[in-house]
Amino acid sequence: MTQEGNSADTPLVALAQVRKTYNEGLPNAEEVLHGIDLSVRRGEFAALIGPSGSGKSTLLNILGLLERASGGVYRLGGQDVTGLDDDERTHARHSTLGFIFQFHHLLPAFSALENVMLPALIGRKRAAAQSPAANGIGESASRARAAALLDAVDLHDAYNKKPGELSGGMQQRVAIARSLVLGPQLVLADEPTGNLDTRSSDNIFELLRRFNSEQGTAFIVVTHDPRLAARCDRIIELVDGRIAGDRRNRARTAG
Amino acid sequence: MGTLGFEWTVALRFLREGRMQTALIIGGAAVGVGVIYFITAVLVGVQSDLIRRVTGAQAHIVLKPPEETVAPLVAATADAPRLASVQARPQRLTTIDGWTTLARQTETTEGVVAVAAVATGAALAIKGNASRSIVVLGTDLNQYMRVVRLDDKLTQGVLRLEPGEALIGVELARDLGAVLGDRFRVQSAENASQVFQIRGLLDLGSRELNRRNVYVDLRGAQSLLNIPGRITNLDIAVGDIMRAEQIAARLRAQSGQLVESWIQTNNQVFAAINNQNIMTLLIRVFVTVVVALGIASVLVVSVVQKRKEIGILRAIGATRAQMLRVFLLQGAMVGIAGALVGSALGLALVGIFSRVLRSASGTPLFTLHFDANLIGIFVIASALLGLIAAVLPARNAADLDPAQAIRG
Ligand SMILES: Nc1ncnc2c1ncn2[C@@H]1O[C@H](COP(=O)(O)OP(=O)(O)OP(=O)(O)O)[C@@H](O)[C@H]1O
Ligand SMILES: [Mg+2]
């Protein structure tokens with residue numbers, strides 16, 4: 001049914017019988033994902049839930065091209081990325097994916113603005129090499145875009161603050177800005193509100209939803225919070241390395 | 001973040017972030033470079049002083065005709081002692097045949113910078129009642145001074161050797177009771193004699209030479225020694241005196257004459273210099289290795305400390321090669337900074353010790369001079385050293401699995 005090159009109909013993410021075994025070939029080998037079939041459309045906002053140890057982070061890392069599947073096929077934007085080498089996976093990550101982690105993971109030596117600019121800095125040479133005309137990713141352009149994103153997450157006064165000077169919620173908002181700075185098609189968030197209080201969590205979640213609707217970025221958000229899961233379009237439930245439930249959230253889709 | 005690339009920006013930021021560690025490795029590298037700079041300066045100073053004194057009044061290489069061996073027949077006879085005493089007259093001077101060609105050939109030999117023809121032999125200097133045994137050295141002064149400097153040895157008078165003029169050592173002048181401008185007679189073993197006027201007094205660096213050497217014009221010496229038109233040796237100067245022996249060997253092979261380098265005649269001095277060179281080389285190698293290990297170990301620790309940050313950078317799109325370069329650059333930058341600080345340290349040490357350390361003659365062993373080339377070499381070498389030291393830590397950083405690093 002899905003045809004390569006037909007970008008409107010191709011799912012953004014398509015996993016077929018994806019397995020993951022840790023310590024492969026060793027006596028303590030352990031299969032933690034047992035044949036996952038999953039497809040995510042462009043612009044979708046999905047929650048990934050499940051008990052601790054069910055394989056949510058593992059699945060997210062495979063989707064994020066940070067880890068390799070032990071079996072099965074992964075297509076990202078219609079392209080088979082299962083067999084890509086490290087550099088190709090890194091480039092694909094850089095060009096189409098964004099990450100938000102539970103523990104913020106900003107670089108402490110860089111200011112908030114610089115943290116948001118880092119992905120652009122990483123790829124400047126690469127972008128210039130690919131098309132000299134595409135110098136829109138230059139220093140000033142990326143600075144402007146980073147500043148606009150920090151404004152959007154309500155951190156106008158924190159451009160030059162180091163992560164250490166920011167609260168947990170503020171740091172997570174910087175991380176969100178960073179994940180979006182290159183306009184990714186998919187953002188993978190692993191418990192982005194995991195160690196935030198309820199108010200900050202709501203705040204962060206609202207921001208993610210807003211970027212999703214304004215920019216059409218797809219999100220897969222791992223969460224333990226049923227309240228937040230309820231605010232997603234789709235809820236995927238993982239139990240013991242298998243998809244135990246996958247349902248549209250009627251309240252959201254209707255609204 | 002300026003317009004520097006990703007690697008430079010992150011490398012600089014990491015170094016600045018670990019301020020204490022960075023200061024420590026730069027300090028370590030600086031001490032290493034400073035020590036190497038200092039011992040190099042001391043070594044060069046000590047050795048050039050030593051060599052100056054040893055080779056001061058002597059040519060780097062002397063080419064002579066092969067000695068005529070005294071027939072062993074004499075020794076074999078029963079009444080050898082008597083024969084030996086009968087034979088006690090001076091051996092006939094041996095001279096070099098066709099020396100002008102040989103001089104030209106020698107001059108064009110690789111490594112040779114100057115050649116002077118010399119007629120030399122034993123004689124007596126007589127003034128009034130005093131007589132001393134001397135060595136007459138007849139030469140063309142201009143030619144000779146390109147082989148052995150005399151200008152820095154002149155204590156009185158002028159450097160000039162017209163016929164009938166002589167330059168003599170200060171001790172000899174005292175022994176003869178002669179002063180500048182005085183005349184004295186030279187009588188050779190061949191029973192020729194000539195009167196010379198003293199035009200200059202020389203301090204040749206040793207009592208022995210000051211008591212013995214009398215420089216006269218070539219023709220005067222030739223007639224005194226009864227070898228008209230001929231010479232007894234070629235005195236030779238080379239560019240690199242540590243290679244004198246190799247050059248002497250080549251001359252020996254191509255001329256068939258007896259060729260002696262200063263290294264042969266001062267074997268112990270040469271051995272001492274060689275040992276010094278080996279020792280300092282060892283010190284330099286050890287210091288270099290220690291500095292490299294210091295840089296490497298601090299960077300290895302830094303990679304471990306920055307595991308998470310490296311993981312994030314990889315997750316947001318930095319390639320393995322980019323991470324590798326981030327850490328290689330840190331090694332190179334630390335090396336460059338260490339070389340600059342270390343050169344300043346070395347200069348300071350040389351400045352202080354040039355006042356303290358003096359040679360036997362009282363002159364400073366080395367002088368403080370800013371050698372931009374040497375510092376340039378240190379900077380480049382140190383940058384390379386830092387780069388090499390950073391290879392292992394940089395590979396650790398590049399090989400880091402981002403998923404593992406981020407999980408914690
Ligand atoms: N690097 C690894 N090596 C071996 N086993 C691992 C590794 N990473 C994860 N696992 C195992 O894989 C299983 C799934 O882990 P994963 O982190 O994906 O679970 P999770 O659903 O994210 O759990 P949580 O909700 O606690 O974050 C667990 O049993 C875990 O112990
Ligand atoms: Mg997890």
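A polar contact here is a pair of N or O atoms within 3.5 Å; within protein, one atom must be able to donate a hydrogen and the other to accept it. Keep that cut-off at hand for the first stop. The model is predicted.

**Stop 1: A:His34**

Select A:His34, which sits in strand E2 of chain A. Now show what else A:His34 touches. Leaving out residues up to four places away in sequence, the list is A:Val18, A:Arg19, A:Asp240, A:Gly241 and A:Arg242.

**Stop 2: a salt bridge within chain A**

Move to A:Arg209 and A:Asp233. They form a salt bridge, with the closest N and O atoms 3.2 Å apart. Colour by secondary structure here. A:Arg209 belongs to helix H6 (residues 198-215), while A:Asp233 is in the loop between helix H7 (226-229) and strand E9 (234-239), so the pair ties together parts of chain A that are 24 residues apart in sequence. Over all chains, the structure holds 31 salt bridges.

**Stop 3: the interface between chains A and B**

Zoom out and show both chains. On the chain A side, 32 residues are in contact; on the chain B side, 28. The two chains bury about 2600 Å² between them, and 63% of that is on carbon and sulfur atoms. Select A:His105, A:Leu121 and A:Ile122. In chain A, these three lose the most area to chain B, together 22% of what that side buries.

Next, look at the polar side of the interface. Ten residue pairs are in polar contact between chain A and chain B, counting pairs with both residues at pLDDT 80 or more. Which helices of chain A supply at least two residues each to the side that touches chain B? Highlight H1 (56-63), H2 (86-96), H3 (112-130) and H4 (139-152). The largest share, nine residues, comes from H3(A). By type, the chain A side divides into 14 nonpolar, seven polar and eleven charged residues.

How many salt bridges run between chain A and chain B? The count is three. Side chains of opposite charge can pair when their charged atoms come close. For one example, select B:Arg407 and A:Glu67. Their side chains meet in a salt bridge at 3.3 Å, N to O.

**Stop 4: ligand 1**

Centre on ligand 1, which lies between chains A and B. It is surrounded by 16 residues; the closest are A:Ser52, A:Lys56, A:Ser57, A:Thr58 and B:Arg407.

- B:Arg407: a side-chain N or O atom is 2.7 Å from an oxygen atom of ligand 1.
- B:Gln404: a polar side-chain atom is 2.9 Å from a nitrogen atom of ligand 1.
- A:His224: a side-chain N or O atom is 3.1 Å from an oxygen atom of ligand 1.

How much of ligand 1 does the protein cover? On its own, ligand 1 has 640 Å² of accessible area, and the protein covers 72% of it.

Finish with the shell. Strand E2 (30-40) and H1 of chain A, together with helix H17 (402-407) of chain B, each supply at least two of its residues. H1(A) gives the largest share, three residues. The shell divides into three nonpolar, nine polar and four charged residues.

Conventions: Residues are numbered from 1 along each chain as its sequence is written. Chains are lettered from A and ligands numbered from 1 in the order in which they are written. This is a predicted model: local features need pLDDT of at least 70, side-chain atom pairs count only at pLDDT 80 or more; totals for chains, interfaces and linings use all residues. Side-chain values use heavy atoms; hydrogens and water are left out. Contact means heavy atoms within 4.5 Å. Buried area is the accessible area (1.4 Å probe) that two parts lose on being put together, summed over both. A salt bridge is a side-chain nitrogen of Lys or Arg within 4 Å of a carboxyl oxygen of Asp or Glu. Helices (H or I, at least four residues) and strands (E, at least two) are DSSP runs, numbered from the N terminus. Ala, Val, Leu, Ile, Met, Phe, Trp, Tyr, Cys and Pro count as nonpolar, Asp, Glu, Lys and Arg as charged, and the others, Gly among them, as polar. A residue is near a molecule or strand if one of its heavy atoms lies within 4 Å of it. Accessible areas come from the Shrake-Rupley method with a 1.4 Å probe; for residues, only the protein chains shown count as cover.
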